Amino acid sequence: MSGMGHRHYVILLRAIGPVTHRQMSMATWREAAESVEFLNVATLGNTGNMLADFAGTAAVAAKTMTPLLRGFGLGENVFPIVRPVSVLKTLARAIERDVADPSQAAVYFFAQTRPEFSWLQTHDGPERIRVVDNHLVVEFTRNATNSGRLMRQIDKNCGVSTARNWNTVRGLAERAAARRKKS
């Protein structure tokens, strides 16, 4: 059950992988998050996906999480992006409704609350892209590794981001909904 006045958040880490796992496992991340007043902490997978309750805003949650990550010796490339869990539901519905093949979809989450998207007007790649609640939903029409040009444009034009595939977004949304029913 969440504490009085706590909000439900998803915390997505940028740049988590095998190298960073040696410095911070998901179990130690959960324990450390609890030590700085995140409640009902749970992780999904091994790639920096956390559901947690927190008393402050998303911006305050990110500011609280950042020094915690630095305490593990993780570099500045590992960055927390925090969203209310309600955003996950919106994104999951958009993918289900608007994407021909959800298995080829990814959502880009940005550190900036209002990233610059005007460059999309001139994007001529094969990917289908739409903006949903200041996130990019990208439907790759071929293997994502062949879309390196698009990924470089996203980084250049929109700033710090992290992407999650459809299965992860859906899984986080489902777990968040189940947790809300319990609280």
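**Exercise 1. In which sense do β5 and strand β7 (residues 135-139) pair, and over how many bridges?**

Step 1: Strands here are DSSP E runs of at least two residues, numbered from the N terminus. Two strands pair if DSSP finds at least two bridges between them.

Step 2: β5 and β7 are antiparallel partners, joined over 4 bridges. Look for valine 107, which faces valine 137 in β7.

Step 3: Now turn to strand β8 (residues 161-165), which pairs with β5 in the antiparallel sense over 5 bridges. Here phenylalanine 109 sits opposite threonine 162 in β8.

A note on the model: it is predicted, so local features need pLDDT of at least 70 and side-chain atom pairs pLDDT 80 or more, while totals for chains, interfaces and linings use all residues. Residues are numbered from 1 along each chain as its sequence is written, and side-chain values use heavy atoms, without hydrogens and water.

**Exercise 2. Why is strand β5 (residues 105-110) largely enclosed by the rest of the structure?**

Step 1: Buried means under 20% relative accessible area (1.4 Å probe, protein chains only).

Step 2: Sort the residues by direction: Ala105, Val107 and Phe109 point one way, and Ala106, Tyr108 and Phe110 the other.

Step 3: 6 of the 6 residues of β5 are buried, so the strand is largely enclosed by the rest of the structure.

**Exercise 3. Which residue classes make up the lining of the largest cavity?**

Step 1: Ala, Val, Leu, Ile, Met, Phe, Trp, Tyr, Cys and Pro count as nonpolar, Asp, Glu, Lys and Arg as charged, and the others as polar.

Step 2: The lining has 5 nonpolar, 1 polar and 3 charged residues. Well done!

Terms used:
Buried < 20%, exposed > 50% of the residue type's maximum accessible area, 1.4 Å probe, protein only.
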